[in-house]
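User: Take one part of this model and look at it closely. Then place that part in its chain and in the wider assembly.

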Amino acid sequence: MELQPVDNLPEGFTRGLNSDETSEEYFLNMGPQHPSTHGVLRLVLKLDGENVLEVVPHLGYVHRGIEKLAESQTYLQNIHLTDRLDYLSSHFNNLGYCLAMEQALDIGVPERGEYIRVMVCELQRIQSHLLWWGVTGMDLGAISTFLYGFKEREMITDIFEEICGARLTMNFFRPGGSFADVPDTFIPRVKKVIERMHVALDEYNTLLTDNIIFRERTRAIGILSREKALSYGCSGGVLRASGVSYDVRRNDPYSIYDRFDFGIPVGSVGGCFDRYRMKMEEMPQSLRILEQAVKDFPEGPYRSKEQSAYRLPQGSYYSQVETARGLLGTYIVAEGGAKPYRVKFRSPSFSNLSTLCEMAVGHKIADLVTILATLDFVVPDIDR
Amino acid sequence: MNQLPTEKIFPVHNSIGDLVRHLLPGSAEYVNGFLTIASLLLVVALLPVFLIWLERKVAAHFQARLGPMRVGYHGLLQSTADGLKLIFKEVLVPEGADRFVFFLAPILPASATFLVMTILPFDHHLQVADPAGGVLFALGISGLSILGILLAGWSSNNKYSLLGAMRSGAQMVSFEISLALIMLLIVMVTGTASLREIVLSQQGTILDWWIFKLPFLGFIAFMMYMISSTAELNRAPFDISEAESELTGGFATEYSGISFAMFFFAEFVNMFVSAGLAATFFLGGFLAPQFGIGPIDAAFDFIPGFVWFFCKTFLVIFLYMWFRWTFPRLRIDQLMYLEWKMLLPANLVLLMGAGFFLAMGWTL
Amino acid sequence: MKTRQVGDKESLFHFWGRYLQKVATGLVSLLSGMGVTIRYFVSPDKIITQQYPENRENLQMMARFRGHLAMIHDENNQHRCTGCGICEKACPNGTISVLTAKDLAGRKVLGRYIYRLSQCTLCNLCIESCPFGAISMGRDFELATYDRQQLTFILNKTQGGK
Amino acid sequence: MGVGGASGATEQVAEILDKFPGGIRLVDSIEYLVAWARANSLWPLVYGTACCAMEMMSAGSSRHDWARFGVEVARATPRQADLIVLAGTIVEKMGTNLVTLYEQMPAPKYVIAMGSCAISGGPFYYDTYSVIKGGDRLIPVDVYVPGCPPRPEALLYGIMELQEKIRKEGRRNPWKVGKVLETPFVDTHSLAKQEWLTQEEKKEDEQRLARARFKAENPDYKPAKPQRLAKEKFAAMPRIPPRKSGFTNPSLLAAVQRAFPEVALFRQPEITPATVADLGPEYILDLEIGPEQYPDLVRFLKEDQELGIDLLLQVTAVDWQDHFDVLVQLLSTRLGHKVFLRCPVSKEQPEINTISDIFRGAEWHEREVFDLFGIRFSGHPDMRRIFLLDDFPGYPLRKDFADPERVVKRPY
């Protein structure tokens, strides 16, 4: 089929429009404000009827220049900036940044501080997965799943509000531990969440996972092969769904994750249902970690010595954390002053989303929405 | 003086009928006609207001929340507030839209559902008109709402609404077939196409209702009727025409204010109508459920017929809402696969089964 | 469900068997899904809605809830702030302006403590850095206003020192 | 009542009706009814850019349930929405879209600015080149809900405030399109300080007299020493370095040196496996290579089966004032070791060839480096800016980037 090159192709499109008698192609703008783009991501689609031929994402609609801002704030002030990167895993972002600072200043964390970090991070992972599950259900049409997901999520938000006073942007961790100790109602609340989550997960599986409409909508959609996933630099559920068993908590353990035993779900085909299954099976594993952590939660100090001014010695420091969306790398270049010289956040959603153009070609608009839902990206984490 | 059909509706009408006949002897025919149409219009106006409130409360309780609470007791005035606000909204016509067709489109679904309301048998004599081919009339008129949605999609000069309209056109036309075949089954089994006779043919105990009468064909026919009528209404798992998460507003993307309100109200009246048809065909319309145990049957008989009709219709409406708040959405090609490859053959097998029963002459 | 390769001849019996089995499992999954939602419908005790305006009296914020910055005043309106400005330096967003004045004894005292809630991100760094524990987080959240200027508060009631 | 633009018409209607005996009461009752209806049925637009959108969603969820206020049917199309909640940061590129969204909404439309970003730019007030400092610089805002992010109850309180405002609408103050903030964006922090200092100067002279008098009266006045808060002291803890898996640095360096003899180590004068060993396990091998061998080294690292490096972490750059450094960070998912690779690029002619043919993921990373640093990647399939608008002046992440019109320098 010969393609007449249209001169004013929207930017980013390579193949020209082909409008002959078999197919009638047109461009559709899934604008920055769209219910299924999880924030302000703009997709320009080249469609032939309902089939997607080419997808060009446009980013930058919430690019706030966090990396430039981080260069003009002191190290301690940057911690609260990392909350606003991927606001659904703010504890992970804080932890990544604090780990890099601890590596530079050689600050240790007491036993109780490490346990608090692991438990709070695993709770944040479950909280983020719950919101993801709800929004995935809503994008596929089952609006009640959104409300059910939030029902359990509120229990975890209460725990966070009790330990650090904020519901979403926590700013709880400091280099050496956290800024305050967890109150003694922390452990009973975590126990309540664990047993409620076991019941809720069965409900979720009957409601969505085993539902035949959901199975048909996600079976063999958006297949991402192993090589492509690695070549695009995907991480987290997207990479594991394509068969690569890499999880920072086990392959490059930080904090005290090597003391807990938990499984890493690995997919086979790399389709939408595999990505969905990865996250659904990660939640019981996080619950297992929480159960082990609650069993032997130590007493003692919750943080190590607090320094008056944090001045990182000259050099570059890199730390990795497994957030709910994948591998978050924090790379700090320090020149010895009170403010970092350059801070770069390696965001998981950025690389995960770059595979969208490969996966969505040939599917329908409804499948594009399913792929977007199972990719589970957060736009400010992409645009930074 | 022979009883005018409308005078049998309510005794109170009789007094009005006498008064009118006394004052204007020649014009009784038209005044009573006007009265029935006015009362039906009142029902059609009040129904969506109540149904919207019911849908939001039922949805809320499905989702473990409370739904509208602050606008009147338990949010009863919520849908009146919505309606009043929509009336006073600025009506926008997108640039490049075809004005006449843009404003014609919302009228069609509303009028289509109102027309089908006229033949619904609310009670023994509470039926505005009882044409011999009632079933055909219902089928034919429901095609009008497809036209409304297609015109709306095309005329609002917006790619999303065009996509939504094309999808709903394909969906409603194809599910029209399985709806027609199920109605054909009922007509074949009852032998008549008039809705009132269909209801009367289900007299007797509860086992005489068509849902239970045919050994198990009736129940399968009822299930298939529910599937295809849900698709006909663009609701629940088949709401791909105004799919919230894919096409933002679907065919009604460019409609604001009163024109959107008409689509919104027509959708709910349409739901009541198709639930009413389901009650008429399968659940014995205005007949009270008789179990064969003396005192209960007598008590049920005492309750007037239209109360039973409304109960059964709201039971079916609850089913529709139950589907909507549980299932994810189907894709357009899966929808077509469901209709052409699953429902259509099942319908034909069902018809053959019913024909076999008739041929064998088993008592129906 | 065995995945079928395209083209291999499948007997009609197998096809119908797989077809009906898929319909059956499909219906069971749909009905069990409906079972979950009906359980929520019929049990109103599972409703978790907190009716905000109605439950205003017994709605208690958590102890550490960060609503807005407040300066601790004792009974005769004295506060512990010495106007040192550490919190102003610790704040990442320029929310706090510590304006100092000289009191009669010539000592630097707090004149006016401007707090711009419109810019504050409630990150708690100022409270951690204050050496005198003069400021703390207030716990009310009903702060919505009609115009932006009302979101700039002056936290200290009296000028510091004598 | 009536459409914003046609407020003149409502006045005429009012005069005509006032003359009728029941006229005023009739018009007032209709006004009350319509204002009640508008207040109780606010349909929000599905719009949320950043973190505040999460709190808006939990305001809509079962626990806080804004459906109780009639604010339930969140419409995705601006045509059917009459409330837009600015939940999240408004960025320059999104600003034009936000204004079009606001204009597409039918007449009586209301705006709630939720969160510090939408009120004043919040955490992105200083030193950001792309954030619009406050939503009311673009569209008129009715209610400001402070917080970062504000609690769902705070948003519900804001909605109740908005409902109060709508109920007061009527003939006397019909709905009108509000005003947009035109005042130039200025650094309020240093402004307040100057104002206060000038005010202090004025009081300075009679203050000096009072102080002299006070010193004369009680010369030995000793001001009370402010007692410091007793902060909890914690012991300094030794850090347990996490266990590193995969190849050790010396063996990695040896493998690379075999193929590329003139590879250097960043800021390490002499590179022998011994000196690398004592840099400790935590040190990630930081190679440095010239621009011509850069793609070959990346290809070698990827193809070499024994090393097993298969995941591209990121491609980024650092501006060292006199030259750029393009960084590539690679990771082996099988074995777990990481390798960093940097290639110096001159400032005058920032050009380097791309590695997006080796690692497809590098395509977006390189576009980001081009967007923020201005380093072009020759051979890149789609060399375009990824975040900023094409006509953005300059490259923001360079150290010498200055844009006084957009950026306010941090005063302290």
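Analyst: Start with strand β2 (residues 42-48) of chain A, which is joined to β3(A) by seven bridges, the two running antiparallel. Strands here are DSSP runs of E with at least two residues, helices are runs of H or I with at least four, and both are numbered from the N terminus. Two strands count as paired when DSSP finds at least two bridges between them. One bridge can be named: V44(A) has V56(A) as its partner in β3(A).

This is a predicted model, in which local features need pLDDT of at least 70, side-chain atom pairs count only at pLDDT 80 or more, and totals for chains, interfaces and linings use all residues. Residues are numbered from 1 along each chain as its sequence is written, while chains are lettered from A and ligands numbered from 1 in the order in which they are written. The model scores are ipTM 0.92 and pTM 0.92.

Back to the sheet. It is open, has three strands in the order β1-β2-β3 (chain A), and is paired antiparallel. β1 (25-30) and β3 (51-58) of chain A are the edge strands; each has a single partner strand, so one side of each lacks a neighbour in the sheet. Neighbouring strands are turned by 20 degrees against each other on average, direction ignored. Axes are lines fitted to C-alpha atoms, for helices over the stretch in contact, and angles between N-to-C directions run from 0 to 180 degrees.

Now the chain around it. Chain A is assigned domain 1 (6-58) and domain 2 (66-372). Such bounds come from an automatic or database domain assignment. The two domains of chain A have C-alpha centres 32 Å apart. Ten residues of domain 1 of chain A and 14 residues of domain 2 of chain A make the contact between them. Contact means C-beta atoms, placed from the backbone, within 7 Å. On the domain 1 side of chain A, the residues that touch domain 2 are four nonpolar, four polar and two charged. In these classes, Ala, Val, Leu, Ile, Met, Phe, Trp, Tyr, Cys and Pro are nonpolar, Asp, Glu, Lys and Arg are charged, and the others, Gly among them, are polar.

Chain A as a whole has 15 helices and eight strands. Its radius of gyration is 22 Å, close to the 21 Å of the globule rule for 384 residues, so chain A is as compact as a globular protein of that length. The radius is taken over C-alpha atoms, and the rule is 2.2 Å times the number of residues to the power 0.38. Along its principal axes, the C-alpha trace of chain A spans about 75 × 50 × 35 Å.

Next, the partner. Chain A puts 63 residues in contact with 65 residues of chain D. Several elements of chain A give two or more residues to its side, including α3 (90-105), α5 (143-164) and β7 (327-334). α5(A) gives the most, four residues. By class, the chain A side has 26 nonpolar, 18 polar and 19 charged residues.

How confident is the model in chain D? Its mean pLDDT is 87, and 97% of its residues reach 70 or more. pLDDT is the predictor's confidence in each residue, from 0 to 100. Residues 1-6 of chain D fall below 50; this stretch has 16 contacts in the model beyond near neighbours in sequence.

Chain B also meets chain D, with 29 residues of chain B in contact with 22 residues of chain D. α3(B) supplies the largest share of the chain B side, five residues.

In chain C, an open sheet of three strands has the order β2-β3-β5, with antiparallel pairing. β2 (96-102) and β5 (152-154) of chain C are at the edges with a single partner strand each, so one side of each has no neighbour in the sheet. The twist from one strand to the next averages 25 degrees. Seven bridges pair β2(C) with β3 (residues 108-116) of chain C in the antiparallel sense. Among the partners, V98(C) has Y113(C) in β3(C). Helix α7 (residues 188-217) of chain D packs on this sheet, touching β2 and β3 of chain C, at about 10 degrees to the direction of β2(C).

Definitions and conventions. Two residues are in contact if their C-beta atoms, placed from the backbone, lie within 7 Å.
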